[in-house]
Amino acid sequence: MAQFGFENDIQGILKLDMPITNAPMARWQRKASTSTSSVLPSPGKSVNLSLTTSKTPIKTPGKNKKCTPSKVGGDRFIPIRNGQQLDVASFLLTKENEPLDANNPALENQKAWSVSLNGYAVEEAKILHLGGKPLNAPEGYQNNLKVLYSQVTPSSVKKTRYISSVPDRILDAPELRNDFYLNLLDWSSRNLLAVALHDNVYLWDASRGEITLLMKMEREEDYITSVSWTKEGNYLAIGTSDFKVQLWDVENQKRLRSMTSHTARVGSLSWNDHILSSASRSGHIHHHDVRVANHHIYTLEGHTQEVCGLEWSPDGRYLASGGNDNMVYVWPGLGEGSIGNESQSLHCWSEHQGAVKALAWCPWQPNILASGGGTSDRHIRVWNVNSGSCIRALDTQSQISSLVFAPNYKELVSGHGYAHNNVVIWKYPSLTKVAELAGHEDRVLNLALSPDGSTVATVAGDETVRLWKSFELDPIKKKATRMMKSTSSVIHQTIR
């Protein structure tokens with residue numbers, strides 16, 4: 001019984017039947033007292049205190065269903081916006097994207113409001129201002145950085161280009177002389193491919209697939225050393241091992257003349273209108289005017305060993321020559337009707353460390369010359385004839401025997417010997433590799449481009465001529481044709 005009495009005493013003590021006198025002030029009382037004391041009357045104005053305290057709760061909070069806080073001294077601060085600020089906000093929302101008239105008086109008010117509200121003009125505070133559509137990059141532009149933004153439209157989307165890894169056609173070339181210093185292949189503007197096989201010259205009509213024997217050397221010990229077509233494609237110049245240069249009328253299959261001036265085999269030829277330039281193992285370059293009886297009109301002396309590369313520029317202003325002495329010369333063109341300082345070379349470059357046989361002028365930049373070095377050099381070098389400087393050099397890791405520019409895609413094609421024996425397509429002017437054409441089993445000796453620029457012909461020491469259709473302007477091909485492309489489907493045909 002004593003235990004129950006103790007519990008009753010404890011409960012009686014815990015009961016709150018009367019207010020606690022020393023307890024802290026209730027929250028609603030603190031709010032009421034704070035609101036009353038924080039409102040100060042303005043001078044000259046009377047304040048009705050009953051209005052400020054009339055809505056103060058008089059009962060314990062929580063027992064009323066609604067409790068309306070006082071307008072003055074609330075928990076949140078709500079700024080008062082005047083009419084001028086509302087006008088600025090309305091202007092920014094509705095007129096921000098419209099073009100502003102510089103002469104509009106409202107512009108000055110806008111700046112004044114901006115300075116008054118923000119402390120600075122809005123236009124001066126802009127970090128980025130984007131307007132209009134993004135511009136397309138110029139054609140040929142290359143950017144190695146990561147693309148952050150690009151505009152793609154249906155007209156700017158380019159179709160994927162297909163380059164076959166196998167030749168379009170293979171021609172057998174028996175008894176082809178595997179001599180690095182000779183130039184045994186050339187393609188005419190009339191779509192005739194001339195190939196020299198030992199002591200014979202054969203013509204292959206690329207349009208009809210017909211083969212014609214044009215000429216044969218009289219003596220078995222003699223052989224063909226070089227061939228070169230005129231620009232019109234109706235005449236063919238042939239260099240021989242017996243120091244002569246023959247000129248043939250292809251349509252009538254008739255030899256027009258045999259010109260003798262050299263003292264060694266004629267390994268390279270190049271036409272410039274009616275001027276035929278020939279170079280021999282002696283290191284001399286001869287100019288022949290084929291219109292006159294005394295054809296030998298001038299001699300260029302500079303090389304100390306055999307000249308194996310000779311090429312006139314497309315505009316006829318320069319003649320480039322490369323030799324076994326690792327030198328590259330650029331000679332001035334011949335003046336009409338007179339001989340001036342043509343014996344003095346414009347440039348003489350010695351950067352190559354191997355024989356320079358590969359020479360090619362850029363068709364769309366007549367002042368650009370590309371040259372390639374032999375096994376000891378392996379470099380493609382691009383020269384600016386106007387400045388005389390080497391603007392680009394690339395180590396191909398392989399002997400370079402021939403170069404040709406492909407204008408359809410603005411690319412450079414190189415033929416290689418040891419150690420790769422392949423053909424490589426390079427993007428110009430970056431010289432980034434586009435594709436490798438492999439298939440020859442021996443070193444590639446010469447390259448020739450078709451008249452339409454779509455096909456490159458290669459002749460190699462494996463006694464084959466291969467045609468690579470890698471530069472067609474229309475890249476669309478039938479899927480069935482792509483699937484059937486293989487080495488077994490390549491057309492084999494003999495030249496002889």
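Strand β20, spanning residues 379-384, and strand β21, spanning residues 389-395, pair in the antiparallel sense over six bridges, where two strands count as paired if DSSP finds at least two bridges between them, and where strands (E, at least two residues) are DSSP runs numbered from the N terminus. Within this pairing His-379 stands opposite Asp-395 in β21. The two strands form a hairpin with four residues between them, and Gly-388 in the turn has a positive phi of about 80°.

The model is predicted, so local features need pLDDT of at least 70 and side-chain atom pairs count only at pLDDT 80 or more, whereas totals for chains, interfaces and linings use all residues. Residues are numbered from 1 along each chain as its sequence is written, and side-chain values use heavy atoms, with hydrogens and water left out.

Strand β19 (residues 365-373) runs antiparallel to β20 and is joined to β20 by five bridges; Ser-371 has Arg-381 in β20 as its bridge partner.

An open sheet of four strands, paired antiparallel, has the order β18-β19-β20-β21. Its edge strands are β18 (356-362) and β21, each of which pairs on one side only. Neighbouring strands of this sheet are turned by 20° against each other on average, direction ignored, with axes taken as lines fitted to C-alpha atoms and angles running from 0 to 180 degrees between N-to-C directions.

## Cysteines

The whole structure holds zero disulfides, a disulfide being a pair of cysteine sulfur atoms within 2.5 Å. Cys-362 counts as buried because its relative accessibility is 0%, whereas Cys-348 counts as partly exposed because its value is 39% (buried means under 20% relative accessible area, exposed over 50%, partly exposed in between, with a 1.4 Å probe and protein chains only).
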